[in-house]
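I opened this notebook to record how the parts of the model are packed against one another. The entries follow the order in which I looked things up.

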Amino acid sequence: MLTFQNVSFSYETGVPVLKNVSFSIGRGETVGLIGANGAGKSTIMKLLLGLLPCEGGVTVDGVAVNKKNLPLIRKKLGFVLQNSDNQMFMPTVYEDMMFAPRNYGLSREEAEARVDRVLEQLGLTELKHRYNHKISGGEKRMAAIATILAMEPEAILMDEPSTALDPVNRRTVIRAINGLPMTKLIASHDLDMILDTCDRVLLVSRGEIAADGPADEILRDRALLEANRMELPFCLAGPSRERPGGHIER
Amino acid sequence: MSLAPVVRKMRMNNISAAQTELREMDALAAQASPIHRLHPLVKLLVTLAYIVCVVSFPKYQLSGLAVMVLYPVVMFQVSGIPVRTCFHKLRVVLPLVCAVGLLNPFFDRAPLLYVGTVAVSGGVVSMATLMLKGMFALMASFLLIATTTIDALCAALRKLHVPGLLVTLLLLTYRYISVMVGEVAVMTDAYHLRAPGQKGIQISAWGSFLGQLLLRSMDRAEELYQSMQLRGFCGEFYYADPAPCTAGAVAYGLICAGLFLTARLFDLPQLLGNLFV
């Protein structure tokens, strides 16, 4: 469904952000994209979405990501931004959810039926006519996911879906993600969430895929994670306490 | 106790108030009165007709113009929008509009009419006329935006074949204003938290403050735009296309236009007065 074939990318000449990256994500897979800050996770997502120029090598459902194919690619992919405020630009949740279906040519009635269906699926019916600026951070994140689901994409990409959420809202988002049947690529530093949602993990480090394998395996590999500026998920590492001098006591 | 926290709180409230005011317009427009339910194109055309009629009154025809107050009065009543809200929102613009004719009494001193034994010069009458014209036009415009969502208004403009680029620009400007105000609020809070007791933002910080504001707004605007592109936006909004124009809405438009025209062509207060004199 999503393929990277020897893709290199740099924002500035001579400073590569991605170096010869290759991977393939099958239809229906849920894959976690993990890595330290600046490792290249967001760049991978932006290349998939065609938000950054790319000279071949990236395909979505067999279609090469290039300027000509962008409308088709973007119809297949939904992207949940890290900052929901930047995603929800219409006054109400309903209007925001109607935006994509209407852009894709659905009639008002069809779009509204789809919006109702998605809201019911996520248990958000009471949010329908609420103003975006009046809902809480957790509700906004769920609404942002709902706006993307209203597109009925074949794959969904999420950038840090659990940041800035309290434990209950975080759990709600995890349940919602697990309930989605389509292909999912989730970039996050929240390794516990990745463990709860993903079957497979791609570990990106210094612009390369440092590891690609089952989530349960990679997220238990303390040496691998620490070598790539990450730590074991909290649920696997147990409680820890940072001591003066940088010593971590478990 | 230092006054600094109080000062900071007041400043934060000012920007928050500006943000709230922007959002209040959306809330007003989303109500469900009969006026709100009218087709936006009809409302737009009626408002345009009203403004054209008001502006076309001769400068000394104060009595004829006064009748035009009936339109906003009826609209306020039926739409349920408080007049107070209108004046509160227009508090910055209204004085400017009223100031337009302030010099007229100095240039046009010839007596035009007498109130009892007091002579009223042409300048005073034309000043009052100008003020009323400005006020009525502003009130009508306010009523239009307070009873019509920006999307519906844009849809109406597109129906009038206003170029898509202009309409999209209008819509996005409206949306981005709140984004920018939000950034200002965050930045001023950050500034005042590290500059307690300071009144306003120091001149020396204006350059970097404005520069940062521009960069941050551009970043957010870029991300918003990307979010729109990723959801199928390609330059043309599929605006909230309203329900088809009903016969009732057309009748409302025609009746309003007829009444405006009657008020414009006949000095109704004078005619009424003639009945009794």
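Predicted model: local features only at pLDDT ≥ 70, side-chain atom pairs only at ≥ 80, totals over all residues.

**Entry 1: the six-stranded sheet of chain A.** I found six strands forming an open sheet in the order 6-7-8-3-9-10 in chain A, with mixed pairing. Strand 6 (77-80) and strand 10 (208-214) of chain A stand at the edges with a single partner strand each, so one side of each is left without a neighbour in the sheet. From one strand to the next, the twist averages 15°. Within this sheet I looked up the pairing of strand 7 (residues 155-159) with strand 8 (residues 183-187) of chain A, which is parallel and runs over five bridges; there A:Leu157 has A:Leu185 of strand 8 as its bridge partner.

**Entry 2: helices on that sheet.** Helix 1 (residues 41-49) of chain A lies across strand 3 (30-34), strand 6, strand 7, strand 8 and strand 9 (200-205) of chain A, running at about 145° to strand 7 of chain A.

**Entry 3: the four-stranded sheet of chain A.** I then turned to four strands of chain A that form an open sheet in the order 2-1-4-5, with antiparallel pairing. Its edge strands are strand 2 (15-25) and strand 5 (63-64) of chain A, each of which pairs on one side only. Strand 4 (residues 58-60) and strand 5 of chain A pair in the antiparallel sense over two bridges, and I noted A:Ala64 in strand 5 as the bridge partner of A:Thr59.

**Entry 4: helix 5 and helix 9 of chain B.** In chain B I looked up how helix 5 (residues 70-79) packs with helix 9 (residues 122-147), and found an angle of about 25° with the axes 10 Å apart. That makes helix 5 of chain B roughly parallel to helix 9 of chain B, since angles under 35 degrees count as such. The crossing of helix 5 of chain B past helix 9 of chain B is left-handed. On the helix 5 side I listed B:Tyr71, B:Pro72, B:Met75 and B:Ser79, which meet residues of helix 9 including B:Phe136 and B:Leu143. The residues of this contact divide into seven nonpolar, two polar and no charged.

**Entry 5: helix 3 and helix 13 of chain B.** The axes of helix 3 (residues 40-55) and helix 13 (residues 247-265) of chain B come within 10 Å and cross at roughly 0°; helix 3 and helix 13 of chain B are therefore roughly parallel to each other. I count 13 nonpolar residues, one polar and one charged in this contact. Among the residues that meet are B:Val42, B:Ala49 and B:Cys53 of helix 3 and B:Gly253, B:Phe260 and B:Arg264 of helix 13.

**Entry 6: where the chains touch.** Which helix of chain B supplies the largest share of the side that touches chain A? I first noted that 14 residues of chain B are in contact with 18 residues of chain A. Helix 1 (4-29) and helix 12 (203-229) of chain B each supply at least two residues of the side of chain B that touches chain A, and the largest share, five residues, comes from helix 12 of chain B. The residues on that side of chain B divide into four nonpolar, three polar and seven charged.

Technical notes:
Residues numbered from 1 in each chain as written. Chains lettered and ligands numbered in written order. Axes fitted to C-alpha atoms, helices over the stretch in contact; angles between N-to-C directions. Parallel < 35°, antiparallel > 145°, perpendicular 65-115°, else oblique. Left-handed = near helix turned anticlockwise from the far one by under 90°. Contact = placed C-beta atoms within 7 Å. Nonpolar A, V, L, I, M, F, W, Y, C, P; charged D, E, K, R; others polar. Pairing = 2+ DSSP bridges.
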